[in-house]
Amino acid sequence: MVNLLLAMAAVSVAVPPADDAFFEAKIRPVFAEVCARCHGPQKASGGLRLDSRAALLKGGENGPVIVPGKPKESPLLKMVRRVEGVSPMPPDRPLAASAVKDLERWIESGAPWPLTTTPIRAARHWAFEPVQDPKPPTIPGVALANPVDAFILAKLRARGITPVGPSDRRTLLRRVTFDLTGLPPTPKEMESFLNDRSPDAYARVVDRLLASRQYGEKWGRLWLDVVRYADTAGETADYPVPEAWRYRNYVIDAFNADRPYDQFLREQLAGDLLAARLPADAPAERYAELITATGYLAIARRFGFNITQDHYLTIEDTIDTLGKSILGLTLACARCHDHKYDPISTRDYYALYGIFESTRYPFSGCEHTKVPRDNVPLVAPAALQRRRDAFQAQIAAAQKALTALEAQLQGRANQAQIALASGEIPNGGKQAFDAGRGAAALRAVKVRKGEMLRLTILPKANQGADTTLLEVQITEQGGKGRAWNLTRDVLPDFYQNGNGFQHDDSQGHRAVWHFWDAAGTPRLLTEFVKDAERVPGLLVWRGAEATPSVLVNTNPRPVRFLTVKQPARSFAAHPGPRGGVTVAWQSPLDGTVAVTGRVEDSDPTGGDGIAWTLTAGPGLGAELAATANALRTLNRARRQLEDFNRSVPQAYAVAEGKPHHARLHKRGDPESLGEEVPRRWLELLGGQAISKDAGSGRLDLAHWITDPKNPLTARVLVNRVWQGHFGKGLVHTPNDFGTRGEPPTHPELLDWLAHRFVASGWSLKKLHRLILLSDTYQRSSTIEDARLKVDPNNLLWWHFERRRLEAEEIRDALLAVSGDLDTTPGEGHPFPETRFWQFTQHTPFNAVYEHQRRSVYLMTQRIKRHPFLALFDGPDPNASTGHRHTTTVPTQALFFLNDPFTHARAESLARRLLALPDDASRLNQACLLLYGRPAQPGEQVATRKFLESYATALPSGSADDRRRTAWSAWVRVLFSTNEFIYLD
């Protein structure tokens with residue numbers, strides 16, 4: 001019994017004090033630093049927690065992971081030993097051999113766990129800690145005006161490195177001008193700066209550049225990188241998004257206005273909700289701006305053949321971009337399972353998913369459904385409804401008048417009709433009137449002035465309508481012997497000033513022939529179509545629908561359309577599935593007439609044939625005309641409403657959907673749903689639930705993200721700005737501040753800048769100014785071997801790093817120095833009209849729309865990138881681009897020699913240079929434009945030799961032409977130099 005009790009004690013929770021030290025020194029650090037981030041209280045991958053002995057014994061989805069006293073039978077030890085056939089733990093890198101032995105010893109001893117101990121938690125990651133406000137270090141014997149330099153210099157001194165000296169003024173002006181505007185300084189700007197020796201000359205340059213519109217065009221483009229902006233949707237057919245440009249310009253304008261970054265984010269996440277809270281007297285422009293801002297969410301990529309069916313992937317893209325662009329977190333990793341490295345659970349993911357699933361996204365069209373929908377008007381709903389109500393009142397009044405006239409017309413039409421003759425023909429058949437039933441009556445029909453003879457063509461089945469050739473002649477018996485021939489009367493001018501549906505005869509009588517829809521209340525065919533079915537000379541009168549209709553071929557030869565063969569200079573009628581079409585003659589005389597003619601099916605390939613009737617009765621001309629005028633008034637009022645609706649500007653923006661909580665997608669599969677997850681914030685950052693009556697919860701989300709206590713938002717943005725000026729950030733993984741990202745090289749500086757950024761009112765321009773006025777930014781790019789050995793990667797910023805211009809900067813600089821740059825802001829793109837959209841996955845949308853505006857205004861396509869931007873490493877519009885990679889390939893050099901764009905810019909610059917008096921001044925001006933410096937003597941010699949040899953080698957042309965061609969070639973050489981496309 002005693003032995004049994006001793007054995008039980010060996011596996012109990014309590015252990016001798018001597019074992020506590022071993023556990024705390026050897027076992028706890030492994031669980032805390034390696035395991036708890038995936039298997040702790042905040043996250044339990046596979047249902048497994050490793051933060052207590054009870055949890056180890058319970059295990060996860062696959063059962064217990066330890067067998068106390070039996071290390072060989074313990075799955076945990078097999079995992080850390082990386083035994084074949086067992087999931088290795090940790091998955092990314094093996095444990096140290098000593099740690100594995102410690103775990104084995106611990107399990108063998110019964111896996112003792114101290115009675116009194118603090119809970120095991122994942123080691124706190126630097127990025128998840130609150131932002132601090134560290135005091136800038138003091139450098140003995142050095143007075144520094146800018147605290148940025150104190151943080152940098154302190155680390156340099158600790159490594160025994162002395163930074164290089166400052167850049168020369170020409171280099172500095174070129175550097176800061178490109179950094180803030182993406183354009184080179186002009187020779188005039190360079191001369192002005194060089195001549196200004198005041199202490200604040202450089203600071204005033206920075207202020208001037210920050211105040212320019214070009215600043216927003218450059219830095220707005222960097223934001224568009226991280227939000228993966230594009231002008232197309234990205235699904236299999238890559239449908240255009242014609243309204244996307246409004247969001248692009250919103251971003252540019254926001255940067256130029258120095259909109260506080262927290263406000264900028266709130267507007268993009270919940271601008272529509274903020275717009276709904278505007279006072280009634282708020283400017284209309286502000287409402288439109290807030291709606292447009294939500295393009296941040298709306299431009300999420302669409303997927304698949306049917307983007308409605310695959311909308312869950314669009315929400316995933318939204319969450320992925322939200323995490324990377326604003327928080328520096330890879331949130332999308334938690335879609336299928338708890339994040340393997342960061343404390344983000346699948347429940348966190350679907351808590352956010354519910355917010356965006358409660359949001360209505362616009363629809364750009366796709367192969368499955370080609371018509372766009374759900375764009376958001378940029379006019380406040382109340383103002384929009386007032387205008388629409390006014391149009392609706394006009395429509396209601398017109399409809400009331402039309403209804404009254406139609407009742408009057410129907411009553412008149414129901415008056416006694418005399419049946420004269422009738423007949424029918426099979427498919428492909430024909431029949432003369434005198435072969436019909438009751439044809440004898442047609443030889444002498446008594447008529448009074450104003451009465452009507454009606455020929456009605458009827459379908460024999462609901463879809464059996466055939467295009468039917470008609471020949472009708474009405475001849476006066478006695479009297480003047482006049483004759484009315486349908487084809488002869490209407491063919492010369494079927495349109496007849498827009499009133500051809502009430503056609504005059506050829507004898508000067510008004511409104512003799514009438515064409516109307518015979519289904520229900522008679523209604524004139526008032527819609528005229530010229531060159532129907534794309535056949536020149538084929539003219540049609542119809543109603544609101546394609547049939548019933550009447551048509552004429554005015555050509556002196558037969559024409560074919562669809563399956564119809566229409567004889568030369570002929571008249572035809574086509575009944576509709578609802579009923580027939582009537583051709584009526586309203587008598588201009590009192591007397592007797594004879595009616596002759598025939599019907600013939602001119603479409604023998606289909607249909608069921610037609611029936612025809614000839615009747616006599618009261619004239620309806622006046623009533624039909626009044627009804628037609630009333631219908632015109634109604635249609636005009638409707639068109640005015642349609643035109644107004646079309647004229648209301650719209651944005652590709654989001655709106656509130658039906659608020660609800662999402663359910664877990666097991667393993668990321670939307671067809672395999674788990675439990676419902678209430679909408680809330682990330683547990684890592686507080687886990688707050690959405691507020692009552694919050695709708696989708698996007699406004700709550702915007703406030704959580706921009707809360708100054710959020711440790712990520714300010715840090716991530718400050719790092720992006722630092723990267724934008726130095727080529728790399730204080731954190732080298734700008735989209736990943738999680739445990740798999742790089743730690744900051746200067747954590748105190750990062751926090752100091754982030755704290756100042758928030759304290760300044762989230763002002764980006766103040767942040768730029770603070771960094772740009774530092775000595776660190778103004779240093780030379782000179783590299784010295786001694787310093788290079790200590791810090792080969794320049795992690796301590798002892799010199800400024802040379803960089804190649806980005807794709808947009810290269811293109812814009814070429815346009816600027818050539819004098820071809822159009823500085824006006826861009827707007828939309830010349831996409832095909834929506835009605836022509838028939839793109840498919842096999843024939844997707846693809847276009848390049850060239851212009852001479854800045855590159856930020858180029859049409860950006862997702863599936864097929866712009867050739868220039870692709871060549872020079874522009875951003876990937878399919879995913880958040882936190883940092884552009886730079887490649888060097890032969891085709892880049894060939895671009896400067898052969899591309900038509902380069903040739904055009906070179907010719908323009910050559911013409912500018914040839915306006916100067918001699919080659920020496922021309923080269924000097926070229927160097928000032930391209931490099932920001934005058935030409936050197938050796939360059940003058942090389943230029944002269946090149947121009948002479950090139951002009952001599954040209955086969956023909958005048959002296960002026962040869963000179964211009966030679967200079968254009970030399971300019972292309974200057975364009976291709978490193979000094980032009982690199983920044984020191």
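A search of the whole structure finds three cavities of 30 Å³ or more, where a cavity is a set of points, on a 1 Å grid over the protein atoms alone, at which a 1.4 Å probe fits but cannot get out, and its lining residues have an atom within 4 Å of a point. Grid points are joined across faces, edges and corners, and a volume is the space filled by probe spheres set on the points. The model is predicted, with local features needing pLDDT of at least 70 and side-chain atom pairs counting only at pLDDT 80 or more, while totals for chains, interfaces and linings use all residues. Residues are numbered from 1 along each chain as its sequence is written, and side-chain values use heavy atoms, with hydrogens and water left out.

The largest cavity holds about 100 Å³ of space and is lined by 13 residues, of which Arg221, Thr860, Leu869, Pro875 and Pro877 lie nearest its centre. Helix α10 (residues 213-226) gives the most to this lining, with three residues; helices here are DSSP runs of H or I with at least four residues, numbered from the N terminus. By class, the lining of the largest cavity has five nonpolar, three polar and five charged residues, with Ala, Val, Leu, Ile, Met, Phe, Trp, Tyr, Cys and Pro counted as nonpolar, Asp, Glu, Lys and Arg as charged, and the others, Gly among them, as polar.

The second largest cavity has about 80 Å³ of space, and its lining includes Glu217, Lys218, Arg221, Glu808, Glu809 and Asp812. Both α10 and α26 supply at least two residues each to this lining, which divides into one nonpolar, two polar and eight charged residues.

Which residues make up helix α26, and how far does the helix reach? Helix α26 spans residues 807-818, and its 12 residues reach 17 Å from the first C-alpha to the last, close to the 16 Å expected at 1.5 Å a residue, a span taken as 1.5 Å times one less than the number of residues. Of these 12 residues, 11 are buried, meaning under 20% relative accessible area with a 1.4 Å probe and protein chains only. Among the buried residues of α26 are Glu808, Glu809 and Asp812, which also belong to the lining of the second largest cavity. Just after α26, Gly819 takes a positive phi of about 85°.

Turning to the cysteines, the count of disulfides comes to zero, a disulfide being a pair of cysteine sulfur atoms within 2.5 Å. Cys366 is buried, with a relative accessible area of 0%, and Cys927 also counts as buried, at 2%.

Notes
Buried means under 20% relative accessible area, exposed over 50%, partly exposed in between (1.4 Å probe, protein chains only). On a 1 Å grid over the protein atoms alone, a cavity is a set of points where a 1.4 Å probe fits but cannot get out, and a pocket is an open set with protein on both sides within 12 Å along at least five of seven lines; lining residues have an atom within 4 Å of a point.
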